[in-house]
Amino acid sequence: MAKLLIFDWDGTLCDSLDRIVYCIRAAARDCGLSEPAPEDAREIVGLGLVEALTHLFPSIDEGQVAMLRGSYSRHFVEQDATPSPFYPGVGETLENLRNQGYLLAVATGKSRRGLDRVLGAQGLTEFFHASRCADETASKPDPTMLYELLDQFKLAPEEALMIGDTEFDMAMSVNAGMRCIAVSYGAHTAERLLAYQPLACVSQFSELEKEVNNYKNHIVM
């Protein structure tokens with residue numbers, strides 16, 4: 001029986017992908033590096049920032065990573081003065097799931113400071129029951145953040161679901177022995193996500209409630 005629902009943030013709940021891509025490209029310009037193509041910058045959304053930057057710029061040294069991180073963060077805070085909106089149906093669906101008794105958590109490549117800032121701006125500081133961020137534990141697709149959330153609530157992997165828009169989310173859930181649900185409107189295509197055999201791949205967030213409740217009394221052996 002599913003008790004804990006764990007959500008990715010950017011590209012799953014929050015319509016922030018274009019903003020992230022803009023900030024990555026702006027940081028590259030600031031640091032004298034070639035701007036990655038928008039599709040390449042979009043590809044790494046969901047990883048921790050250091051992992052994302054070293055993937056995009058494999059030849060940079062630690063000093064350049066630090067410069068890029070600082071520049072990206074400055075651009076993002078400036079752009080995020082008005083928080084990116086949720087995708088259609090997110091607010092209502094999350095409220096419905098919470099009212100049905102599900103525990104709700106976030107597992108994100110964002111920094112703790114970044115997640116806390118956006119939760120505060122949206123009045124959601126107390127809404128989610130728990131969260132894990134890439135700068136306080138291992139980045140996706142390492143399953144550590146899922147293990148930590150399971151441990152916090154004393155649950156087994158089959159009592160939780162991971163919901164995300166990238167291969168990193170899907171692979172993290174597989175690595176943790178947890179089932180997952182994919183959303184097809186985010187960073188990675190449905191075809192790529194389906195390779196991980198999610199329970200479902202939804203095209204609208206509002207479809208998630210039905211899929212979660214279909215799993216509610218199902219236990220994966």
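Strand 5 and strand 6 run parallel and are paired over two bridges. Two strands count as paired here if DSSP finds at least two bridges between them. Strands themselves are DSSP runs of type E with at least two residues, helices are runs of H or I with at least four, and both are numbered from the N terminus. In this pair, A182 stands opposite C201 in strand 6.

Before I go on, the source. This is a predicted model, in which local features need pLDDT of at least 70 and side-chain atom pairs count only at pLDDT 80 or more, while totals for chains, interfaces and linings use all residues. Residues are numbered from 1 along each chain as its sequence is written, and side-chain values use heavy atoms, with hydrogens and water left out.

Back to strand 6. V202 lies in this strand. Is V202 buried or exposed? V202 is buried, at a relative accessible area of 1%. Buried means under 20% relative accessible area, exposed means over 50%, and partly exposed is in between, with a 1.4 Å probe and protein chains only. The C-alpha atoms of V202 and A182 are 6.3 Å apart, although 20 residues separate the two along the chain. Not counting residues up to four places away in sequence, V202 touches A182, V183, S184, Y185, E207, L208 and E211. Contact means heavy atoms within 4.5 Å.

One of those contacts is S184. S184 sits in the loop between strand 5 and helix 9, residues 190-194. With a relative accessible area of 25%, S184 is partly exposed. Its contacts, leaving aside neighbours within four places in sequence, are A190, C201, V202 and S203. From S184 to L150 the C-alpha distance is 26 Å, and the two are 34 residues apart in sequence. As for strand 5, four of its five residues are buried.

Next, strand 4. Strand 4 and strand 5, residues 179-183, are parallel and share four bridges. The bridge partner of L161 in strand 5 is R179. Between strand 4 and strand 5 the chain passes through helix 8, residues 167-175, in a right-handed β-α-β crossover. Right-handed means that, with the strands pointing away from the viewer, the path from the first strand over the helix to the second runs clockwise.

How many residues of strand 4 are buried? Five of the five are, so strand 4 is largely enclosed by the rest of the structure. A160, M162 and G164 cover one side, L161 and I163 the other, and all are buried. Strand 4 also has four bridges to strand 1, again in parallel. There, F7 stands opposite I163 in strand 4.

A107 stands opposite R132 in strand 3, and V106 has S131 as its bridge partner. Strand 2, helix 6 (residues 112-121) and strand 3 form a right-handed β-α-β unit. Within strand 3, residues 130-133, A130 and R132 point one way, S131 and C133 point the other way, and all are buried.

Last, the chain as a whole. The chain has 10 helices and six strands. Of its 221 residues, 49% count as buried. Among contacts with a separation of 6 or more, 65% come from residues 24 or more positions apart. The C-alpha atoms fill a box of roughly 55 × 35 × 30 Å along the principal axes.
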